[in-house]
Amino acid sequence: MKKLAMIPILLILSGCNLRVLDPKSQTASDQAFLIYLSFGIMMFVVLVVALLFITFTVKYRETEKNRHDIPKHEEGNRTLEIIWTVFPIILLIGLAVPTVMITYDVSYIGASSDDNALHVNVTGEQFRWTFEYENGEKTHKTLVLPKDREVIFHLTSKDVIHSFWVPKLAGKIDVLPGEETRLKVTPEETGTYQGKCAEYCGTLHADMRFETKVIKQAEFQTWLSKK
Amino acid sequence: MEINLFGKLILLPTDVIAAWVLMIITGPLVLYWLTKKRAWPVIWDYATSTHHRKIGTVYIIFSILFFFRAGVDALFIRLQLITPENQFWVFQGDKYNEIFTTHGTMMIFFVATPLLIGLMNVAVPLQIGANDLAFPYLNLVSVYLFVTGGMIFFAAFFFNAAPNAGWTAYAPLSTSTFTAGPNNNYYILGLQVSGLGTIFAAINMLVTILRLRAPGLKLTRMPLFPWASLITSFLILVAFPVLAIALLLLQFDRQFGSQFFMGELGHPVYWQHLFWIFGHPEVYILALPAFGIFSDIISAFSRKNVFGYTSMVAALALIGLLGLMVWAHHMFTVGLGPFANTFFAITTMMIAIPTGIKVFNWLFTMRKGVIRIQTPMLFALGFIPTFVMGGVTGVMLASAAADMQYHDTYFVVAHFHYVIIGSTVLGSFAGIYYWYPKITGKMLDDKLGKWHFWLFLIGFHLTFFPQHLAGLNGMPRRVYDYTWEDGVFVYNFISSIGAFMMGASMLIVLWNVYKTHRKKEENAGADPWDGRTLEWSVPSPSPEHPFEKMPVISRRDPLWWAKLEKKELPHTENHRASPVSVKTVQPMFLSVALTIMSFGFIYGWIWMQILGGAAALASFVIRAFNDERKPAYEREEMDNEQ
């Protein structure tokens, strides 16, 4: 029983630091901002609908008194209809503009802004990842990244489609066979973050996980040269 | 389980054995029960009749059967995910992949789509004053193709070869390089056969609605369910052939060594484009008819006409149109580039506008009405908030950059269950309770219906609401396992409890149907709900040729106004030559032929492909030289001349 009573408390506690909403890079922060913004706008819509819904169902329920009433015929109401066409358009523009801006921001388009960027080749295969650094060093289970330095991932797959996802650092990018996709991200906090394959890829899709360790730049250099 | 048979080691999973044992026990029992109840003449009647109500009933019965099968899959999924690092029965790895694939595929293709087509079959001709669908024979062919496709897909499990590439069957995973064996051939052939049936049904519905409306029933006077059916049929006509082509290309890749979806010239993303050019309209194919059902029910149970009829129709059409140009929002993470991503993000957001118009019009239909809360209306009332919640997460998903976080997580799973269960499943339940008297002449018990509703709705929200949070906490779709550190245990645990509540609510439905048919109750009458549209002007269950003398329509909701003015509906003097229901076993023959051919392709047995193909072709030839409608039409013309 005690355990059951814990459930709502656990639910609230775990709601506070959902990984996607606990960003550790600019990219993930931008995405979290969009999530909060769209959530806010949409909650407003839900509230309006809920309010009207509850009012109407309570107020116009069939009772003993109105059982035999014949409601007045009503074709529609132009003003009201214009309101609920135009108002959502305005709300959606409010969401569309930041969506376009941030989508361009988080996408890798051609040149890197940073000459010092770290390039990592990521290869997905059933059912493991390979991370290859510029000096040819490879890791599988752990992806080590320096803090505050732009990282550009070059991703490709040896077999089926996978998807590279570190929720706290950035949204996912698919890993396709015979093609290179790219993702840029600048980790801003040290720590260890979960990484997963997010595109269903076969028998052991669930086990295709890795750890992302973000460490200080100096530590990163020693780590890389020691390997 | 390992069996040593004649020196050969055979590996048999226990779930397949359990399924066979269950079938061997229950099969004879069901056959005995049917014989004892003298049900065979009735079954034969339904299997050979081209009457639209009977065909609609067959659609609904098989959809419900598949609903239970796919529902059991869902319960297995929830049992495997109930705690972290769980090992439920055999459902890890490949077996888990098989059950989520069959769950998704069945629910979309063999439950949601045919359930709505079944309801269209029952209600649309009656609502527009037609005596039957335009092509009754084609209609019977459609239902046979659906049942055949569904059965082929259903059978896969019994041969331990259930498809395992997800309901989206993304290449190259679905090609023979990565999933050898017959498994995904079942997916291709099952969908190909039933998809053909869906296309035929759409053609039939389009022609019926455009050609067979009663005199005076202009398109602008049509109830909203036929309107939704019309637009849905158009969408099917555009979308399903794309699926057929995609499946054919995949079949060539799997069986004949072509390389459309991999290799030098092919590309795996081609599959995704083709699949979603079909797949996104499919979502609206599922939603629009449900919108139509709700519009009719909300209007009837509020005792008021539909608010903003014109904008309701315009919104339906606009959703259909926009639905054709948003497919790439399923592919934001593929790397199409920010231009394509933002383009599809904005078209997707635009769909919210007509959908919003519909929601407000429903709400304002209720305003100043008299809302009678009986089971069909209860489902409609449950639909509005549920669907709005699914709709708003849809807009959140449309935001391309944010979708890169949501994509392929449980957030998406929660979203599409909110919209599909919210609209299609609640809509179908509402429709079944609403038109049940028109189908059988009896009313389903209202009290049990309310129990069903509340248990289902509460179970539904318990199941799917926590999944939003699980997704935001980084739980991807289609995983059979998660760890304690993932922090998603609580969400999954609640989800599993909710799923069993939904399952329990379906047992109430069975009990309700049993109870309704056990008692020898008198007929529910032509108009048990105080309806507004034409279907309530004919006896229940609807007879063949209900509109021998066509009603003449001068405004919307004709029956309502006739009742208010205490007048009979005016009707024509002559009856119009209309499609006739006949008995035919030809579609049954076609169905057997296609089953043989499909199994030939699934297992690559060429003699079976030739045999089945030739037999299918023969059935077309037989049909070309035999038109059983001729004498019936001649008789009808003679009657008119007298």
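**A walk through two chains**

Chain A is divided into domain 1 (20-59 + 80-106) and domain 2 (118-226), with bounds that come from an automatic or database domain assignment. The model is a predicted one, in which local features need pLDDT of at least 70, side-chain atom pairs count only at pLDDT 80 or more, and totals for chains, interfaces and linings use all residues. Residues are numbered from 1 along each chain as its sequence is written, while chains are lettered from A and ligands numbered from 1 in the order in which they are written.

Let's stay with chain A for a moment. The centres of its domain 1 and domain 2, taken over C-alpha atoms, are 32 Å apart. Where the two touch, domain 1 supplies ten residues and domain 2 twelve; residues are in contact here if their C-beta atoms, placed from the backbone, lie within 7 Å. On the domain 1 side, helix α2 (residues 26-59) of chain A gives the most, with four residues. Helices are DSSP runs (H or I, at least four residues), numbered from the N terminus.

Now turn to chain B. Here the axes of helix α6 (residues 183-211) and helix α17 (residues 586-603) come within 9 Å and cross at roughly 150°. Axes are lines fitted to C-alpha atoms over the stretch in contact, and angles run from 0 to 180 degrees between N-to-C directions. The crossing angle therefore makes α6(B) roughly antiparallel to α17(B), a label for angles over 145 degrees. From α6(B), the contact uses B:N185, B:Y186, B:L189 and B:V193, and from α17(B) it uses B:L594, B:S598, B:F601 and B:I602.

Notes:
Helix = DSSP H or I, 4+ residues; strand = E, 2+ residues; numbered from the N terminus. Parallel < 35°, antiparallel > 145°, perpendicular 65-115°, else oblique.
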